[in-house]
Amino acid sequence: MQILLEEVLRNPRLNVSNRKVAFQLSREMMNDQLVESRVDLALLMTPTQVPSKENFDTIPALDIAEELTYLDFHIFRSIKTEELLNQVWMKDGKETKAPHVMLVTKRFNEVSKLVVSEIISRPEVPDRATCIEKWVAIADICRCLQNYNGVLQICAALESSSIHRLKNTWEVVAKPSRQSFEKLLNLVAASARFKNMREMLHRCDPPCIPYLGMYLTDLSFIEEGALDITEHGLINFCKMRMLAHVLMEIRRYTQTPYMIELRQEVVDYLLDPTRLLSDDQTYEASLTIEPRRTFNKSPQQQTTPSTSVAAPSTQYEDK
C-alpha cells in the first residue's frame, strides 16, 4: 500500500482532491514511525513472576478501572496503520503482521476471563452478588473515563453463559447495580453497527478508547466491497477516502494520553494468569454452585364423563 501511494503522489496529473486523500493515507503510515508509546509495551505486559499481594477485594474499584484503562490505552496506541490494512489480522501470519491488533483481542479475552473467574470462584451467593456489583461499578467508571473497550470487556463477561445463568445470584444483586448494568449493555450493544457507542464517541473529546472490533468490521466491509484498482485500471480513490476516514478516526483516539499513574501492584493483579479459569472450568463451576433447576410439573387431572386420567409427571431443566 505504501509503495502504491508513493507512486500515486508522484503522478503530476493527479487532481487536488485525490492527492489529498493519498497524502492523508501516506501520512498515517509514516506517523507510525514517529509516534511511539512512552512506555515499553513488552515490559508493561509481562506478568510478574511473583504472585500479586493484592487481590480483587483489596483493590478499590477506581484503581482497577484506571489501570485497566492505562493498559488498554497503551495497547491501542501501539497499533500500526499497516496492521489495519488488507485484513491482515484475519490472514495467515497475523501474529507477525498485526501483532498489536492480536494483542488487543488477547487482552479483551483475558479481562473477560478475569471477571468471570473472580465471580465464579466465590461459593456463596451474597459474595458473588457483591463481586458482580463491584465489576459493574468498575465498568461504569470505565464509561466515565471514556474507555468503551473496558466497558465492553466487563459486559461481555457478565453476559457470558457461566454468569448469566446464575439466577439466584442476580436476584441478590442490588437494583441500582442491575439498572446501571442495563444502561451499560445498551451503550455497547452491537445493534445497528454499534450505533449508541458511535454516537457517544463522536460527542466525546480524547482521551478515549473505542472498541477496536467495531472499526475492524468497518475496514473489512470497505476491503471486501471494493478493489484497489478499478476495472478500468485506475486507482480507486473512493475506497482510499473511506479507508482514510476510518484510519484517521482511530488515530484521533491515540493522540491524547490519559493522565493516569501506573500502579504496579494493580497491574500485577490484572496480568496474573494464575487467576484465570478456562471456559470449561468456569461453566462446570457455574453448574456446581447453582445446579440446573429440576422440578416436577403435574398438570391438573382432566375429567371427562366416562374417565378420569392423570397426566404423567414431566421433568424440566433450566439451562
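Asp272 is buried, with a relative accessible area of 9%, in a model that is predicted. The 9% falls under the 20% limit, so Asp272 counts as buried. This residue is placed in the loop between helix H15 (264-270) and helix H16 (279-289). Its C-alpha lies 5.9 Å from that of Pro47, although the two are 225 residues apart in sequence. When neighbours within four places in sequence are left aside, Asp272 is in contact with Pro51 and Ser52.

Gln146 is also found in a loop, the one between H7 and H8. With a relative accessibility of 19%, Gln146 counts as buried, because the limit is under 20%. Residues up to four places away in sequence not being counted, Gln146 touches Cys204, Asp205, Pro207, Cys208, Ile209 and Tyr258.

The wider setting of these residues is as follows. The chain has 319 residues, of which 44% count as buried. Its secondary structure comes to 16 helices and four strands. Of the contacts between residues at least 6 apart in sequence, 75% join residues at least 24 apart.

**Aromatic pairs**

A pair of aromatic rings is described by the distance of the centres and the angle of the planes. The count comes to five aromatic pairs, and two of the stacked ones are set out below.

| Pair | Centre to centre | Angle between planes | Class |
|---|---|---|---|
| Phe56 and Trp135 | 4.7 Å | 20° | stacked |
| Trp170 and Phe181 | 5.5 Å | 20° | stacked |

Both entries are stacked because planes under 30 degrees apart count as such, and each pair has its planes at 20°.

What does the pair of Phe56 and Trp135 tie together? Phe56 lies in the loop between helix H3 (41-44) and H4, while Trp135 belongs to helix H7 (residues 125-144), so the pair ties together parts that are 79 residues apart in sequence. Phe56 is buried at a relative accessible area of 1%, and Trp135 counts as buried at 0% relative accessibility. A charge is also placed at this site: the charged end of Lys134 sits over the ring of Phe56, 4.5 Å from its centre.

The rings of Trp170 and Phe181 have their centres 5.5 Å apart. This pair links distant parts of the chain, with Trp170 in helix H10 (residues 167-172) and Phe181 in helix H11 (residues 175-187), eleven residues apart. Trp170 and Phe181 are both buried. Elsewhere, Phe108, Phe194 and Tyr211 form one aromatic cluster.

The structure holds four cavities of 30 Å³ or more. Which residues line the largest cavity? The lining consists of Asp72, Ile75, Phe76, Val104, Arg107, Phe108, Asn149, Gln153, Ile209 and Pro210. Helix H4 (61-77), helix H6 (99-120) and helix H8 (148-158) are the elements that give two or more residues to this lining. By class, the lining has six nonpolar, two polar and two charged residues.

Terms used. Residues numbered from 1 in each chain as written. Predicted model: local features only at pLDDT ≥ 70, side-chain atom pairs only at ≥ 80, totals over all residues. Heavy atoms only, no water. 1 Å grid on protein atoms, 1.4 Å probe; cavity = no way out; pocket = protein on both sides within 12 Å on 5 of 7 lines; lining within 4 Å. Points joined across faces, edges and corners; volume = space filled by probe spheres on them. Nonpolar A, V, L, I, M, F, W, Y, C, P; charged D, E, K, R; others polar. Phe/Tyr/Trp six-rings, centres within 6.5 Å; stacked < 30°, edge-to-face > 60°. Buried < 20%, exposed > 50% of the residue type's maximum accessible area, 1.4 Å probe, protein only. Lys NZ or Arg CZ within 6 Å of the ring centre and 35° of its normal. Contact = heavy atoms within 4.5 Å.
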